[in-house]
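Subject: A structure for you to look at

Hi,

Here is the structure I promised to pass on. Have a look around it first, then read my notes below.

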Amino acid sequence: MNADLQKERAQATFSVEAMTHFLDGGASKTARRRALEALIAADPIFNNDDNPYMHRTERHVRAVQKFVHLIRLCRAWGIHGKDGEIVLDDDFPTLLAAVADDFPTSLHWVMFVPNLMSLCDEEQQQEWLPLCRDWKMIGCYAQTELGHGSNVRALETTATFQSESEGGMPGGSWIIHSPTITSAKFWPGTLGRTANHAMVIARLVDGQGIDRGIHNFLVPLRSMEDHSLLKGVETGDIGPKIGYNTMDNGYCRFDHVQIPRRNMAMRFASVDETGHYTKKQVSEATSKIAYITMMQVRAYIVNEAGKHLAQACTIATRYSAVRRQGYSSAGEELPILEYKQQQYRLFSMIACSYGFFFTGKQLLHHLQDIQQKLVHHQSVTKQIVADLHASSSALKSFTTMIAANGMEDLRKACGGHGFLQSSGLPELVTTYLQNPTVEGDNHMLPQQVLKVLLKVVQAVSEGNVAAYAACDAYDLVPSLQVLLSGEKETCPASWHVDDLDVHYHAFRHRAAALLIRVAGHLQEHSDQMEQAWNDALLDMAKASAAYAQFLLLRNFLQGIESSSLGPAETAVLKDLSRLFALYWMEQNMGDWLEDGYFTAEHVQQIRTGVLQLLGKIRPNAVALVDARDISDFRLKSALGRYDGNVYPAIMEAARRDPLNQHDIGPGYEHLKKLIVDGVGAYRGPTSRL
């Protein structure tokens, strides 16, 4: 064990094990997670040591092998959830994290199965879900096209009804077709080489030739016997990406592919054997369940943001405690963790990772609570569902951007060694980089957020906010009421930076003020709304981020207060919440100064407070990342090892490189022409070309 890390751990002021149990949800859950992780780490099929040296084709095939082995183990271990559905078992997410490699099959349970469950009728589910459960049907979600992504209304793939009398199947068919090159499905994960079915998003053209807009269709891609492509289907992998290269993100073109009429997802609409289109009359609760099911993916992304950021924090913090550079006045070489700029970069991201934990937990719980209410026919208003959409959209946009940018800065904080694949950081960063784009581009989502929040502003101005009482946005009402009345809110002059209540009010004020700015601009230019909306996009992005920060701080504080942690653990979490608040105040200071909420004196207090908090958190830095309990197997990092033996690990990784397997390098056959044969020797002047 490295002596520097031993010293760091000895000075912690709280129980690391108690914090780990809290993060896991209890001591028994920690024990279960560790037991499952140990089983995975001990199995040679799951070994990741050679991952950095493999071609992406090898990585993909190896990842498929690992997944099939994992499914086999789940069946053997009795991990199969309700009715044998492995992906619904409580242990399944733990096992996925334990493997520490990305599976090409993941879109099957992340998007494909939820679509079947939310958009298909009972008869369809009874036919298809058992095939998914038994891994006979492996699917993906094929929405994005080469020429269109977030703009769903512009998708070009068509599904045209064909009656039996016109050559269709018994009962009628759909002809799935890609009419242009830009209509090719492009980017869906699992599509390229793995899936044998796709939930294809296409324009429905009914028997009367009427375009009914976007609908979902279950389209077979490959034979369930030998995986060969079916007639009229062309799929493939889209090629190497910046990261996430175990995943076969794919392209697909359809050349008049015929599928049964009943392969249209028919929970909310149907087409009969004559091609007649009907919108089904379903209960409001049923439609909301389907909508919320799709929001779960976004909530999952928010929850995962903190986990990925925590991995980078663990690597960078442990390495910063071991790496020495510069000297003290006494001539002692200093760990780089002693430098304030390093602490600022690391501790602010540790604070964010913990803050994201509380919000991810709260968001998932909120979704589950609403689902249960709907299942049991309890009232859930449209305002609550819309509010959840706004919260999840704002949080997805903000947390993934901060996680992606933060992880890259933490890589840079490790200096040159952070550039090594063996540091674990390059793959961690580049694999994560998809998240700011998937499930709603981070620069597009703020518009969705503002469409909901502007209605709250209007409700406050009309004095009719009761419908929002159970919503996240309702917490903005006190500041909205003050500001809309023409009064001002200001920070108390005697404020102490440790006062979490003042932090809360400051973030509430900023979110409310930026919302009112957007509302005022749109109202002022309502006669040219399209242009006004476009001009407001920058302010919308700021308002959405401010709202996300408010929710994160609120959930951070509420999560601490509602926990059963001891005084020591509570104290260190409160310090992290204070740093979270002051860090983002400092980053966005202009917003508070612009409307006079803060003064120049407040700015100085905040800067001083940040320095003080860095000093308070410093003794607990390594303990805080240790509490996340990310094993060396999962971390895959020479720099972030628990024992701190960084330099032997770096050298071992270097020696393992296939480029070093022979004394004479593989490029010598070419070098020999220079060194031995003399093709580069100077033999006197020659005429210039």
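**What I found**

Let's start with Asp101: it is buried, with a relative accessible area of 9%. This is a predicted model, by the way, so please read everything here as computed from it. Buried here means under 20% relative accessible area, so Asp101 falls in that class at 9%.

What does Asp101 pair with? Its partner in a salt bridge is Lys66, and the closest N and O atoms are 2.8 Å apart. Asp101 sits in the loop between α5 (92–99) and α6 (106–119), while Lys66 belongs to helix α4 (residues 56–77), so this pair ties together parts that are 35 residues apart in sequence. Lys66 is buried too, at 0% relative accessibility.

- Asp626 and Arg318 meet through their side chains, at 2.8 Å from N to O. This pair links distant parts of the chain, with Asp626 in helix α20 and Arg318 in helix α8 (residues 284–322), 308 residues apart. Both Asp626 and Arg318 are buried.
- Glu37 forms a salt bridge with Arg33, and their closest N and O atoms are 3.3 Å apart. Both residues lie in helix α3, four residues apart, which is about one turn of the helix. Glu37 is buried, with a relative accessible area of 9%, and Arg33 is buried as well, at 11%.

Glu37 and Arg33 also belong to a network of salt bridges, which links them with Glu17, Asp24, Arg34, Asp629 and Arg634.

**Helix α2 and its buried face**

Now go to helix α2, residues 16–24. Which of its residues are buried? They are Met19, Thr20, Phe22 and Leu23. Looking down the axis of α2, you will find these buried residues within an arc of 160 degrees, so they line one face of the helix. They pack against four other helices: α3 (27–42), α9 (340–375), α17 (567–587) and α20 (621–626). Just after α2 comes Gly25, which takes a positive phi of about 95 degrees.

Ile350 counts as buried, at 1% relative accessibility. What does Ile350 touch, once residues up to four places away in sequence are left out? The answer is Cys313, Thr317, Leu576, Ala621, Leu624 and Val625.

Arg510 is in helix α14 (residues 500–524). With 4% relative accessibility, Arg510 counts as buried. Leaving aside neighbours within four places in sequence, Arg510 is in contact with Ala546, Gln549, Asn588, Asp591 and Trp592. Arg510 and His417 are 93 residues apart in sequence, and their C-alpha atoms are 40 Å apart in space.

**What the UniProt record says**

The UniProt entry is unreviewed, and it places an "active site" feature at Glu439. Where is Glu439 in the model? It lies in the loop between α11 (425–432) and α12 (445–461). Is Glu439 buried or partly exposed? At 26% relative accessibility, it counts as partly exposed. Beyond its neighbours within four places in sequence, Glu439 is in contact with Met111, Val297, Arg298, Ile301, Lys396 and Leu445.

The unreviewed entry also carries the annotation "domain: Acyl-CoA oxidase/dehydrogenase middle" for residues 140–257. In the model, that stretch is 0% helix and 38% strand, and its end C-alpha atoms are 17 Å apart.

**Out on the surface**

Last stop: a nonpolar patch on the surface, formed by Ile664, Tyr668, Leu671, Leu674, Ile675, Val676 and Val679. Together these residues have about 680 Å² of accessible area. Val679 is in the segment after α23 (668–675). Val679 is exposed, with a relative accessible area of 57%.

Happy looking!

Technical notes. Residues are numbered from 1 along each chain as its sequence is written. This is a predicted model: local features need pLDDT of at least 70, side-chain atom pairs count only at pLDDT 80 or more; totals for chains, interfaces and linings use all residues. Side-chain values use heavy atoms; hydrogens and water are left out. Patches are made of residues with over 30% relative accessible area and no salt bridge: like charges are joined within 9 Å, nonpolar side chains (Val, Leu, Ile, Met, Phe, Trp, Tyr) within 5 Å. Accessible areas come from the Shrake-Rupley method with a 1.4 Å probe; for residues, only the protein chains shown count as cover. A salt bridge is a side-chain nitrogen of Lys or Arg within 4 Å of a carboxyl oxygen of Asp or Glu. Helices (H or I, at least four residues) and strands (E, at least two) are DSSP runs, numbered from the N terminus. Buried means under 20% relative accessible area, exposed over 50%, partly exposed in between (1.4 Å probe, protein chains only). The arc is that of the directions from the helix axis to the C-beta atoms. Contact means heavy atoms within 4.5 Å. UniProt positions are given in the numbering used here, feature names are shortened, and annotations may be inferred rather than shown by experiment.
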